Amino acid sequence: MRFGIFDHLDDGGVPLGQLFEERLKLIEAYDRAGFYGYHLAEHHNTPLGYAPSPGVFLSAVAQRTRQLRFGPMVYLLPLYHPLRLIDEICMLDQMSGGRFLFGVGRGVSPVEVGFFGVDFARGVQQFNEALEVIRLGLTCDALTYDGEFYKFDGVPMALKPMQRPHPPLWYGISRPETVSWAVANDVNVVTFLRETRPLTDAYRSEWKALGRGEAELPLLGLTRHIVLADTDQAARKIAERAYRPWRRHMELLWEQRGVPFPLQGTLPDEFDVLQSSGHGFAGTPAGAREYIAEQAGEGGVNYVVCDLAFGDITFHEAKRSIELFSKEVMPAFAEA
Amino acid sequence: MRFGIFDHLDDSGLPLDRHFEARLELIEAYDRAGFYGYHLAEHHNTPLGYAPSPGVFLSAVAQRTRQLRFGPMVYLLPLYHPLRLIDEICMLDQMSGGRFLYGVGRGISPVEVGFYGIDFSTGAKQFREAFEVIRRGLTEDRLTFHGEFYDFDNVPIVMKPFQRPLPVWYGLGNPASVAWTAAIAANTVTRRPPEQVRAITDSYRAEWKKLGRAEADLPLLGVNRHIIIAETEADALDTARRGYPAWRHHMGLLWHEYNVPFPLEAALPEDFGVLQKHGDAIAGTPAMVRDYIAREIEATRVNYYVCDFAFGTITHDEAMRSVELFANEVMPAFADA
């Protein structure tokens, strides 16, 4: 079983410079603990995400770590000029010795993409074209493309990524309809959904149908909020407090602009409700071992992505979570 | 006298990962030596510049240094969505404890900006609008702007830079741009023959005075030169002659490939020796470089001297040697200048 980290880098109630530096220290701890990958969200003009250009933060991550892979979860492709993204990917992958994970998406928020003048209704077509352009640009010497959104004529590609043909693709998956595309393109996937099994079953059966071996199966992950402490009570108290600002910020921009928030019914206001539905965990390492075994087993995943730092969780609280997780939870899954 | 660094991060012949890492080690040396600022060029789709997104490289610079300021020289404003640039600037400045130098420009190459679908002929206008949009986005809580190129209505701004205000930097080559540059109190770097640099600094000082501002508040007005130092003049010249041609070749590459007349064709000779004769570079001993810089400071009246130590196929060791000799035997001579 591999373990990863998901991070919104959302408002923590501390000055921004302090938030960034403390996060980088936590990321050093993820690196030492042997997490597989650090996945950073891209959000715009909202306290939900203070890495609107994930590439800038990830470059710092590359400098502060040695083995931890990292990447955006996900780059919002329509919000970039493809040439710039091709170059950034190359720079990040080369500057890290080939640790970049190429996460791609079209954006969930019409409000956010609207700030960039992108038509949300055509986001999928634009995303598909952008991804095609970028994959081409990462693998050729001169880029030519004639599409609806993008046109290029023999643009010289001066940079190449370290990982060939290109860094591995990652996607945030929520609908079974996208499984076929992900399988066909060897895309590693992560889902925040509670019901993970339908997605992983579909992925595995499509993978098999294409004649590919179980050993080459990409990473299929689920993401969960996790808070560990020395007692259940202490962990719950931290989680309940920290979750509230994160939950508020998830909805903030939608609310401000009068757009219905898609997770309104499904994302509870309080952490204890999240936990009782199995969608998050706050407790001791022993409880976490049980929880993860259960979630991974039920979900059919080979990658467990933990959200250990969110809302106003303090640096020390998060650090303690990581310590307990790495010493007393991860080893239990070493052979899994 | 303050000293800075200019860097194209151009092709050195090393594999890209080693090229980046070697440069970061050199930058650590700049930091230790007490250079004021590290200024990184933005070029696209050419071996002339391997930091087409300077922000990504500069984030690494921030992590590897403690006191060295840093920034793009310059961000090509029309090649970004302004909202993204506002956010990157805030991130970089906050992640470095306020060391970001906000360099702005419109791009010198119609070929490069053309790859991004930008019309070079309207680039200056687009640049001015982008500059104003970003200025508002860095200082206000809601961004509204209605212009020819950009339109924003009440966009929430959730990050601010550490430095308020943020120091602005501009690559100043044209005397006609001095008035605007002085009005916005931008720091400048110029690469022209010494007499032209002097004309620019004189003009800037005159504008500054006209604006009723104090001499003591004068921004940094810099000149940029290629500098190679070694124990002997012969060694320095060997290094320079060997290292320079690749940089010179890459400066003209895209222009030639796309049949656009290269504006610096005449100003940049093929041979380093000729460049040095024109006063545009120096390869020599520490004593020679001290003299060169002293004479140039007097001739140009700059208060900021920007060195380009690593370019073309100059090796990492050769560049480190230049930096060490510069730090130990040149900089101290200007400590009270």
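This report describes the chain contacts, domains, strands, helices and some individual residues of a predicted model.

**Contact between the chains**

The two chains meet through 36 residues of chain A and 36 residues of chain B. On the chain A side, at least two residues each come from helix H1 (16–33), helix H2 (54–64), helix H3 (82–95) and strand E7 (151–156). By class, the side of chain A that touches chain B is made of 21 nonpolar, 11 polar and 4 charged residues.

**Domains of chain B**

In the domain assignment, chain B is divided into domain 1, which covers 2–69 + 220–334, and domain 2, which covers 74–91 + 108–166. The centres of these two domains of chain B, taken over C-alpha atoms, are 28 Å apart. Contact between them involves 10 residues of domain 1 of chain B and 9 residues of domain 2 of chain B. Helix H2 (54–64) and helix H8 (233–257) of chain B each give at least two residues to the side of domain 1 that touches domain 2. That side of domain 1 of chain B has 5 nonpolar residues, 4 polar residues and 1 charged residue.

Helix H2 of chain B is itself mostly covered, with 9 of its 11 residues buried. Among the buried residues of this helix are B:Pro54, B:Val56, B:Phe57, B:Leu58 and B:Val61.

How many residues of strand E10 (residues 221–229) of chain B are buried? The count is 9 of the 9, so the strand is largely enclosed by the rest of the structure.

| Strand of chain B | Sense of pairing with E10(B) | Bridges |
|---|---|---|
| E9 (residues 187–190) | parallel | 3 bridges |
| E12 (residues 304–308) | parallel | 5 bridges |
| E11 (residues 281–284) | parallel | 4 bridges |

In E11(B), B:Gly284 is the bridge partner of B:Ile229.

Helix H1 of chain A packs against helix H11 (residues 315–328) of chain A at an angle of about 5 degrees, and their axes are 10 Å apart. Angles under 35 degrees count as roughly parallel, and H1(A) and H11(A) are therefore roughly parallel to each other. The residues that meet are A:Glu22, A:Leu26, A:Ala29, A:Tyr30 and A:Ala33 in H1(A) and A:Phe315, A:Ala318, A:Lys319, A:Ile322 and A:Ser326 in H11(A). This contact has 7 nonpolar, 1 polar and 2 charged residues.

Strand E1 (residues 2–7) of chain A runs parallel to strand E2(A), to which 4 bridges join it, and A:Gly4 stands opposite A:Gly37 in E2(A). In strand E2 (residues 37–40) of chain A, A:Gly37 and A:His39 point one way, A:Tyr38 and A:Leu40 point the other way, and all are buried.

**Individual residues in loops of chain B**

Two cis peptide bonds can be described in chain B. One joins B:Met73 and B:Val74, with omega about 5 degrees, and B:Val74 lies in the loop between strand E3 (69–72) and strand E4 (75–76). Another joins B:Arg164 and B:Pro165, with omega about 0 degrees, and B:Pro165 lies in the loop between strand E7 (151–156) and strand E8 (168–171).

A positive phi of about 55 degrees is found at B:Asn45, although this residue is not a glycine. B:Asn45 sits in the loop between strand E2 (37–40) and H2 of chain B, and it is buried, with 24 other C-beta atoms within 10 Å. B:Arg301, also a residue other than glycine, has a positive phi near 55 degrees. The place of B:Arg301 is the loop between helix H10 (286–300) and E12 of chain B, where B:Arg301 is partly exposed, with 16 other C-beta atoms within 10 Å.

B:Leu14 belongs to the loop between strand E1 (2–7) and helix H1 (16–33) of chain B. With 15 C-beta neighbours inside 10 Å, B:Leu14 counts as partly exposed, and, leaving aside residues up to four places away in sequence, B:Leu14 touches B:His19 and B:Ala22.

Methods:
Residues are numbered from 1 along each chain as its sequence is written. Chains are lettered from A and ligands numbered from 1 in the order in which they are written. This is a predicted model: local features need pLDDT of at least 70, side-chain atom pairs count only at pLDDT 80 or more; totals for chains, interfaces and linings use all residues. Domain bounds come from an automatic or database domain assignment. Two residues are in contact if their C-beta atoms, placed from the backbone, lie within 7 Å. Ala, Val, Leu, Ile, Met, Phe, Trp, Tyr, Cys and Pro count as nonpolar, Asp, Glu, Lys and Arg as charged, and the others, Gly among them, as polar. Axes are lines fitted to C-alpha atoms, for helices over the stretch in contact, and angles run from 0 to 180 degrees between N-to-C directions. Angles under 35 degrees count as roughly parallel, over 145 as roughly antiparallel, 65 to 115 as roughly perpendicular and the rest as oblique. A residue is buried if 20 or more other C-beta atoms lie within 10 Å of its own, exposed if 12 or fewer, and partly exposed in between; C-beta atoms are placed from the backbone. Two strands pair if DSSP finds at least two bridges between them.
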